[in-house]
Amino acid sequence: MLDIKYIRENKEAVIKGCQKKQVKIDIDRLFELDEKRRELMTSLDSFSAEKNKAGKEIVDAGEEKEKQKIIAAMKEVDEKSDKLQQEFKIIDQEFSSLLFKVPNMPLDEVPEGKDDKENISIREVGKKPNFDFEPKDYLTIAENLDMIDVKRAAKVSGARFGYLKGDIALLEFALINFIFNTLTKEGFVPVVPPVMIKKENMKDMGYFEREDSDEVYQLEKDGLVLVGTSEQSIGPMHRDEIFEEKDLPKRYAAFSTCFRREAGSYGKDTKGILRVHQFDKVEMFSFCNPASSKEEHQLILAMEEKLMQELEIPYQVLQICTGDLGAPAAVKYDVEAWLPTANCYRETHSTSNCTDFQARSLNMRYRNKETGKLEFIHTLNGTAFAIGRIIIAIIENYQQKDGSIKVPKALQKYLNKEVIGK
RNA sequence: GGAGAGGUGCCUGAGUGGUUUAAAGGGAUAGUCUUGAAAACUAUUGUAUCUUAACGGGUACCCAGGGUUCGAAUCCCUGCCUCUCCGCCA
């Protein structure tokens with residue numbers, strides 16, 4: 001969430017920021033509530049002060065009669081303060097939920113735009129393959145090899161699930177080993193995190209703006225939710241902690257299964273495993289000094305590109321416009337892989353700098369050596385590989401005339417194979 | 001799943017209704033002493049929020065949320081977490 005003090009002092013900028021993000025929010029109501037809330041707080045505080053004082057007087061008063069007199073007077077004060085307390089609760093609740101809905105402000109450098117149509121391609125990298133035969137889509141190839149099975153998955157689990165089999169199942173583990181080898185060199189600590197987390201953690205990561213989001217699988221009985229990305233499990237790991245400046249940045253690379261209900265995407269990408277309810281992903285996450293979060297973001301983006309370059313998959317980098325950032329992000333890039341048969345780029349990676357937005361709700365701070373004060377850290381996340389989609393990109397870009405799939409050079413030593421399906 | 005014990009500051013740990021402004025010890029930091037170090041001694045050792053031009057002052061915080069009371073770290077209820085024993089289990 002944002003700092004109410006910041007909102008107070010930068011009202012115009014916050015209104016502008018919300019507009020840029022296409023978020024409609026009643027800032028005037030927020031100010032109204034803020035003022036009323038502080039007013040009530042001051043009154044309540046002075047009641048408490050009075051009560052504390054009376055407590056001491058009761059102890060000091062020797063005579064029983066004197067004591068009873070003070071107690072009687074305090075009962076009256078109590079009644080008044082109780083009434084005020086009730087009022088405060090109502091105001092405070094509305095205030096908090098409204099404050100929570102104010103999104104993180106986009107950085108100045110982020111281009112303005114309404115939605116994903118106005119994202120800007122900032123570079124295209126890699127050579128698109130030139131086939132001397134009619135290329136097939138990944139699903140046809142994989143089904144011919146009996147290595148992706150969505151039909152039986154439908155029988156077992158319903159729509160939007162899939163089985164990976166044989167060498168394509170092994171390809172997943174080759175990819176994971178390849179990633180961890182690459183990322184540990186940059187100081188990313190490998191993690192296998194929980195995929196079920198408490199609701200409040202999801203909320204404090206900024207993913208529950210609207211209570212009971214339809215996008216999330218909920219385990220009602222246990223008060224837990226399934227993560228849509230391991231970012232939601234890694235971010236709260238250090239909640240309520242204070243970092244030493246020397247320990248920043250703290251980098252993690254987390255492997256986990258991700259669960260998404262895909263509500264509202266009915267009819268979209270219904271074929272194959274591009275958009276499924278369950279997929280595996282390795283996610284980079286960094287807890288970082290605010291002074292260096294911009295460089296850290298570039299590093300994460302550079303890692304995403306490095307992984308793509310080593311696999312030799314053509315891709316483009318998108319600068320996400322203000323309207324498509326989502327609530328917690330201040331700046332965001334997507335990487336999209338080239339899919340020859342679709343004849344377009346499809347999103348495989350996304351990296352965001354959430355500045356102090358998540359850190360504030362999660363109360364994660366560090367001591368600034370210069371000022372001696374506690375300040376909020378910055379959090380950043382980025383996809384290393386969304387396994388399913390990368391497998392799609394590999395199959396499509398590395399397919400051969402005979403229906404087999406060449407294994408990218410960088411993966412050959414992990415898979416112990418140069419070709420799949422031969 | 002059954003039975004029991006707990007959750008206090010950076011750490012250990014005392015505190016069972018009213019100067020708790022949280023004892024004591026450890027650690028850390030600074031000072032004295034010393035050629036230097038150690039030891040010893042001394043001092044310091046929160047966070048949030050409101051208010052003030054500032055000095056300062058008020059309030060809250062002993063896992064979380066409720067309750068009892070004039071007054072709660074302390075009593076009661078609920079939840080979360082940890083530990084011990086038993087059962088089950090990859």
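Predicted model: local features only at pLDDT ≥ 70, side-chain atom pairs only at ≥ 80, totals over all residues.
Visitor: Which residues in helix 7 meet Ile387, Ile390 and Ile391 in helix 12?

Guide: They are Ile168, Leu171, Glu172 and Leu175, where a contact needs C-beta atoms, placed from the backbone, within 7 Å. Helices here are DSSP runs (H or I, at least four residues) and strands are E runs of at least two, numbered from the N terminus. Residues count from 1 along each chain as its sequence is written, and chains are lettered from A.

Visitor: At what angle do the axes of helix 7 and helix 12 cross?

Guide: In general, a packed pair is described by the angle and the distance between the axes. Here helix 7 (residues 166–184) and helix 12 (residues 387–398) have axes, fitted to C-alpha atoms, that come within 10 Å and cross at roughly 110°. That makes helix 7 roughly perpendicular to helix 12, a label for 65 to 115 degrees.

Visitor: Which residues touch the most other members of the largest nonpolar core?

Guide: As background, nonpolar side chains tend to be buried together in soluble globular proteins. Of 88 residues in this core, Leu175, Ile179, Ala253, Phe385 and Ile395 touch the most other members; membership takes buried nonpolar residues (20 or more other C-beta atoms within 10 Å), joined through C-beta atoms within 7 Å. Helix 12 gives the largest share, eight residues.

Visitor: What does Phe385 touch?

Guide: Leaving out residues up to four places away in sequence, Phe385 touches Leu175, Ile179, Lys281, Val282, Leu307 and Ile390.

Technical notes: Axes fitted to C-alpha atoms, helices over the stretch in contact; angles between N-to-C directions. Parallel < 35°, antiparallel > 145°, perpendicular 65-115°, else oblique. Contact = placed C-beta atoms within 7 Å. Buried ≥ 20, exposed ≤ 12 C-beta atoms within 10 Å, placed from the backbone.
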